[in-house]
Amino acid sequence: KNPGWMIVSCPVACESCHLLEKDKRCDPDFLNISREHIWKPGDLDSLFERVVQDHSFKTVELSKPPQGPWVIQLENFLPDIEIEALINHGHQLKFTRSTLSGPENARGETTRITHAETRTSYN
């Protein structure tokens with residue numbers, strides 16, 4: 001059910017020993033992933049400008065370039081009933097506190113740091 005885990009943890013059974021090295025396993029050409037950037041310079045600014053200019057929602061610009069990164073607040077983005085549904089669904093899925101990426105282990109897997117004062121969200 002989890003081929004990525006099997007390749008790293010059980011390569012003999014999966015006949016994937018050649019993929020134990022992270023550089024081979026994560027090579028964009030091997031994964032058939034384009035190296036072309038999706039976002040071009042200025043695309044993100046254009047996106048945020050459109051959101052701010054769209055009057056479907058009341059927007060509050062908390063920060064924007066060049067003074068800082070784009071941070072906007074959308075008032076009444078979702079109705080209360082949809083917010084409640086999302087929260088309830090999260091409870092059903094047993095969301096847990098989000099983690100930070102830690103150092104890589106010997107297999108090239110990123111470890112998780114489960115407790116960090118800087119993280120307050122849950123996933």
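Predicted model: local features only at pLDDT ≥ 70, side-chain atom pairs only at ≥ 80, totals over all residues.
Biologist: What percentage of the 123 residues of the protein chain count as buried?

Modeller: The protein chain exposes about 10,400 Å², with carbon and sulfur atoms supplying 57% of that area. Among contacts with a separation of 6 or more, residues 24 or more positions apart account for 18%. A residue counts as buried when its relative accessible area is under 20%. By that criterion, the buried share of the 123 residues is 11%.

Biologist: Which residues make the nonpolar surface patch of about 440 Å²?

Modeller: One member, leucine 44, lies in helix α4, which spans residues 43-53. Its relative accessibility is 44%, so leucine 44 counts as partly exposed. The patch of about 440 Å² is made by Ile38, Trp39, Leu44 and Leu47.

Biologist: Which residues are linked in a network of salt bridges?

Modeller: Side chains of opposite charge can pair when their charged atoms come close. The structure holds 5 salt bridges, one of which joins aspartate 27 to arginine 35, with the closest N and O atoms 3.6 Å apart. Aspartate 27 is partly exposed at a relative accessible area of 24%, while arginine 35 is exposed at 53%. The linked network consists of Asp27, Asp29 and Arg35.

Biologist: With which residue does glutamate 36 form a salt bridge?

Modeller: Glutamate 36 has a relative accessible area of 58% and is therefore exposed. The closest N and O atoms of the pair are 3.4 Å apart, and the partner is lysine 40.

Biologist: What N to O distance is found where the side chains of lysine 64 and glutamate 61 meet?

Modeller: Lysine 64 has a relative accessible area of 28%, so this residue is partly exposed. Glutamate 61 is also partly exposed, with a relative accessible area of 36%. A salt bridge requires a side-chain nitrogen of Lys or Arg within 4 Å of a carboxyl oxygen of Asp or Glu. The side chains of lysine 64 and glutamate 61 meet that criterion, with an N to O distance of 3.9 Å.

Biologist: Is arginine 112 buried or exposed?

Modeller: Arginine 112 is found in strand β4, which covers residues 110-113. The boundary for an exposed residue is a relative accessible area over 50%. At 68% relative accessibility, arginine 112 is therefore exposed.

Biologist: Which residues does arginine 112 touch, not counting those up to four places away in sequence?

Modeller: Arginine 112 and glutamate 75 are 37 residues apart along the chain, and their C-alpha atoms are separated by 34 Å. With residues up to four places away in sequence set aside, arginine 112 touches Thr99, Leu100 and Gly102.

Definitions and conventions. Residues numbered from 1 in each chain as written. Heavy atoms only, no water. Patch = residues over 30% accessible without salt bridge, like charges linked within 9 Å, V, L, I, M, F, W, Y side chains within 5 Å. Areas by Shrake-Rupley, 256 points an atom, 1.4 Å probe, with all protein chains shown as cover. Helix = DSSP H or I, 4+ residues; strand = E, 2+ residues; numbered from the N terminus. Buried < 20%, exposed > 50% of the residue type's maximum accessible area, 1.4 Å probe, protein only. Contact = heavy atoms within 4.5 Å.
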